[in-house]
Amino acid sequence: MKLPKFMLLVASVTCLCLLYVCQQTEIFRLAYVGQKRSILLRDSLDKNTMLRYNINKNTSLVLLNDRITASNFEMPDSYRVVKVPGVSQGTAADHRSSSLKSLAASVFGIKRQAEARTIDRR
Amino acid sequence: MHIVNNRRRVNAVFLFFFAFLLFCIARLSLIQFFRADYFAKIAQKQHNLFVELEPRRGAIYDLNLKPQAVNVSADSLYASPNGMADRDKDTAIKSLPSILNLDHSFLKDRLYRKKSFVWLARKISPSQKGAIEKLGIKGLGFLKESKRSYPNSYLASHIVGFCGLDNVGLEGIELRYDKYLKGSQGWSLILRDARQKRLDLEQKMALPVDGYDVVLTIDEVIQYIAERELEKAFKAYRAFAASIIVMDPRTGAILAMVNRPTFDLNQYNNIDKDRRRNRSVSDLFEPGSVFKIVTASAALEEKKVVEQDKFFCENGAYKVGGHILHDHRPHGWLTFREVIEQSSNIGTAKVAQVLGPEIIYKYVKSFGFGAKSGIDLPGEISGMAKEPRFWSKTTMSAIPMGQEVGVTALQLASAISVIANGGQLMKPHIVKEIRDKQGETIKSFSPVSVRRVISEDTANRVKKILTGVVETGTGRMAKIPGFTAGGKTGTAQKLEPNGAYSHRKFIASFIGFAPAEEPLIAIVVTLDEPRPYYFGGVVAAPVFKNVAADVLRYLKNKNPVNEVLASNESQRTD
């Protein structure tokens with residue numbers, strides 16, 4: 001083998017070796033970076049689990065009962081609960097009362113109170 | 001002469017180096033061809049690290065998928081005694097006991113061992129970890145481990161059970177379903193760098209298989225209601241122990257199971273074994289008058305009596321087999337229906353005489369007494385029901401009114417469910433299904449009918465009698481406003497150590513169902529040694545009333561919500 005050919009072969013093999021080493025180094029570098037990120041991710045997941053656990057614990061009926069008992073909270077009896085009519089029922093009742101008011105206003109000339117209305121700006 | 005000498009020297013040096021070369025070649029050949037495996041193993045040990053990968057233990061959920069047992073990661077403290085300076089060891093021995101509540105001698109023993117790894121404390125709290133980190137002692141380190149935690153502390157503690165330090169189930173569902181919950185361990189061969197630090201580049205790996213989740217039939221809300229009411233009665237009557245079971249009579253599913261005394265699942269270490277026992281399945285007691293439902297069912301099913309048949313109750317005292325039987329209140333003539341409503345012992349004994357021992361024993365066994373129910377909880381006992389050939393002269397009148405027979409609260413719950421559901425003995429179960437991580441059902445537990453005990457007609461007739469017990473009989477304090485209910489009271493004398501019945505120690509109980517027309521729940525309440533009051537109708541019946549009222553309201557409100565959600569879901573899919 002002639003010297004130039006030999007030198008070329010040696011140079012290319014050396015380049016390949018260097019490339020391989022470089023690639024391996026990069027793999028290890030990325031592994032260290034990945035490891036750091038994975039630790040961060042694991043810590044975040046742990047915190048998430050811990051927070052979920054705390055939420056569950058704080059909303060558990062046992063704890064709520066203890067707090068309610070400690071604060072002397074009393075559930076209102078049925079006669080103390082205000083019953084609010086549904087939206088459709090409420091609107092119908094409002095229409096009925098306003099039409100009665102209009103009738104009274106037209107017969108006796110009583111001015112109706114100002115009513116707030118939504119304004120369509122279009 | 002000078003040149004010759006030089007050549008000799010050169011030859012000598014050459015020979016020396018040549019011999020050295022030969023030696024090196026020989027040595028290398030020896031290493032390469034004969035000791036390669038040995039050195040490769042040493043190198044592998046230095047470069048690789050074998051790590052066991054812990055699987056995630058399955059969670060335990062209630063019927064509505066509210067978590068009852070979950071995994072939270074916790075830090076465990078270790079030390080490397082071989083690499084620790086004596087000064088660091090002494091600092092650790094001085095400072096750690098106050099943070100970790102450990103003994104000086106324990107730490108001294110651990111830190112002066114000739115080992116490269118020793119555990120000092122497992123699964124410590126974040127605050128403890130922070131305090132140790134502040135000390136900055138070299139040679140101490142932390143490893144993350146998964147710790148079993150229970151968000152509801154003492155709610156359903158006897159059912160859920162708990163795990164040991166190594167996440168192995170020790171009690172309750174944790175123990176019974178350990179094989180599903182634990183999963184299987186994985187392993188990984190990872191690289192170590194020159195500083196012996198872990199580098200997460202896997203050489204070989206077998207992934208761990210996570211455990212399955214277990215979904216219980218227990219409803220957290222119903223469990224809470226039962227816990228709350230039983231706790232009130234347990235404290236008010238200063239009872240020695242107490243139990244309550246809420247069961248769906250149609251399926252045998254346990255909706256709630258409570259025992260007192262109880263314990264906090266997150267601190268099971270400091271609790272004595274007596275508090276950890278699931279008394280509902282592992283404690284035997286004489287049931288007393290609640291057992292009369294068996295006698296009544298047998299009498300009606302065998303068509304030996306009808307509701308209007310009259311029995312003379314001897315005005316409160318009746319001699320049977322050399323013993324005088326008493327009623328808690330003297331009665332004259334009572335119909336069969338009134339015998340049960342007023343819980344007359346004498347009347348029941350006379351009904352039993354009509355039936356005979358063989359029939360009574362047949363129904364005792366048929367209702368599930370004297371045999372394990374097969375519930376999926378550890379520690380269940382079979383109870384005690386003597387065969388007629390072992391009966392004494394008094395047994396004939398004792399068993400029909402709940403003496404000389406040993407039962408568990410769970411067996412009573414199954415028995416009252418037979419009446420409530422129209423005559424079928426259902427196998428009680430506490431696990432609804434087992435799911436994988438993605439929520440896919442791996443195994444589901446559907447209701448199992450064990451046998452038909454009585455006909456539907458008989459069940460309805462007994463149901464009417466038991467409704468009478470609540471309306472006008474001994475169980476009036478169990479009457480639920482707005483709902484109908486049926487049930488039976490029981491006040492059983494406990495046995496003294498000398499074998500005689502005690503006049504001071506009683507077991508008060510109430511078994512019942514509601515609503516009477518189409519029962520949704522069957523409830524058993526027992527209080528062991530309540531004082532100053534001890535009658536089942538006074539002590540246990542109000543607990544039934546309060547639990548049944550709240551549970552029925554809850555179920556009534558829960559189902560419409562579910563129906564609305566289901567209809568919304570179907571509209572969306574359409």
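**Reading a two-chain predicted model**

Author: Of the 122 residues in chain A, buried residues make up 1%. This is a predicted model, in which local features need pLDDT of at least 70, side-chain atom pairs count only at pLDDT 80 or more, and totals for chains, interfaces and linings use all residues. Residues are numbered from 1 along each chain as its sequence is written, while chains are lettered from A and ligands numbered from 1 in the order in which they are written.

Reader: What makes a residue buried or exposed?

Author: A residue is buried if 20 or more other C-beta atoms lie within 10 Å of its own, exposed if 12 or fewer, and partly exposed in between, with C-beta atoms placed from the backbone. B:I244 is buried because 30 other C-beta atoms lie within 10 Å.

Reader: Which strand holds B:I244?

Author: Helices (H or I, at least four residues) and strands (E, at least two) are DSSP runs, numbered from the N terminus. B:I244 lies in strand β9 of chain B, residues 241-248.

Reader: With which residues is B:I244 in contact, leaving aside its neighbours within four places in sequence?

Author: Two residues are in contact if their C-beta atoms, placed from the backbone, lie within 7 Å. For B:I244 the list is B:A226, B:L230, B:V258, B:I523, B:V524, B:V525, B:V543 and B:V547.

Reader: How is chain B divided into domains?

Author: Domain bounds come from an automatic or database domain assignment. For chain B that assignment gives domain 1 (53-216) and domain 2 (220-562). Taken over C-alpha atoms, the centres of domain 1 and domain 2 of chain B are 44 Å apart. Their contact takes 27 residues from domain 1 of chain B and 26 residues from domain 2 of chain B. On the domain 1 side, the elements giving two or more residues are α6 (157-160), α7 (172-176) and β8 (213-216) of chain B.

Reader: How many helices and strands does chain A have?

Author: Chain A has three helices and zero strands, in the pattern α-α-α along the sequence.

Reader: How many residues of chain A are in contact with chain B?

Author: 15 residues of chain A are in contact with 17 residues of chain B. On the chain A side, α1 (3-58) and α2 (61-70) of chain A each give two or more residues. The largest share, 11 residues, comes from α1(A).
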